[in-house]
Amino acid sequence: MKDLLISITKGLVDNPDAVSVAVDEPNEEGVTVYHLHVAEEDMGRVIGKQGRIAKAIRVVMRAAAARNNAKISMEID
């Protein structure tokens, strides 16, 4: 899952070396939180107009998690 998020994000940004993902342990509800970190100048590219790109990334991540019977959440830091 982490590799999927990194590969999607690196295709969107100008500075792919600044992309990193931190993963939290699953909480009491079984949801694993992925924290995406990108360079400040690439923040707009990852979020998109009205959050459309961020929403699309979340949809892809949730679909991949559903195939593995997992629950995830993604935050852009």
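**View 1. Confidence of the predicted model along the protein.** The mean pLDDT of the protein is 93, and 100% of its residues reach 70 or more, in what is a predicted model. Confidence is lowest in strand β3, residues 71-76, where the mean is 92, and highest in strand β2, residues 31-37, where the mean is 95.

**View 2. Order of the helices and strands.** Three helices and three strands make up the secondary structure of the protein, and, when the sequence is read along its length, these elements follow the pattern α-β-β-α-α-β. Strand β2 covers residues 31-37 and strand β3 covers residues 71-76.

**View 3. Overall dimensions of the C-alpha trace.** Along its principal axes, the C-alpha trace of the protein spans about 35 × 20 × 20 Å. The radius of gyration of the protein is 12 Å, which agrees with a compact globule, because a globule of that kind with 77 residues would have a value near 11 Å.

**View 4. Burial and contacts within the fold.** Of the 77 residues in the protein, 31% are buried.

View 5. The protein exposes about 5000 Å², of which carbon and sulfur atoms supply 48%. The protein carries 10 positive and 12 negative charges, and the mean position of the positive charges is 11 Å apart from that of the negative charges.

Conventions. Residues numbered from 1 in each chain as written. Predicted model: local features only at pLDDT ≥ 70, side-chain atom pairs only at ≥ 80, totals over all residues. Heavy atoms only, no water. Helix = DSSP H or I, 4+ residues; strand = E, 2+ residues; numbered from the N terminus. Rg over C-alpha atoms; globule rule 2.2 N^0.38 Å. Buried < 20%, exposed > 50% of the residue type's maximum accessible area, 1.4 Å probe, protein only. Areas by Shrake-Rupley, 256 points an atom, 1.4 Å probe, with all protein chains shown as cover. Lys, Arg positive; Asp, Glu negative; His and termini not counted. Charge placed at Lys NZ, Arg CZ, Asp CG, Glu CD. pLDDT = per-residue confidence, 0-100.
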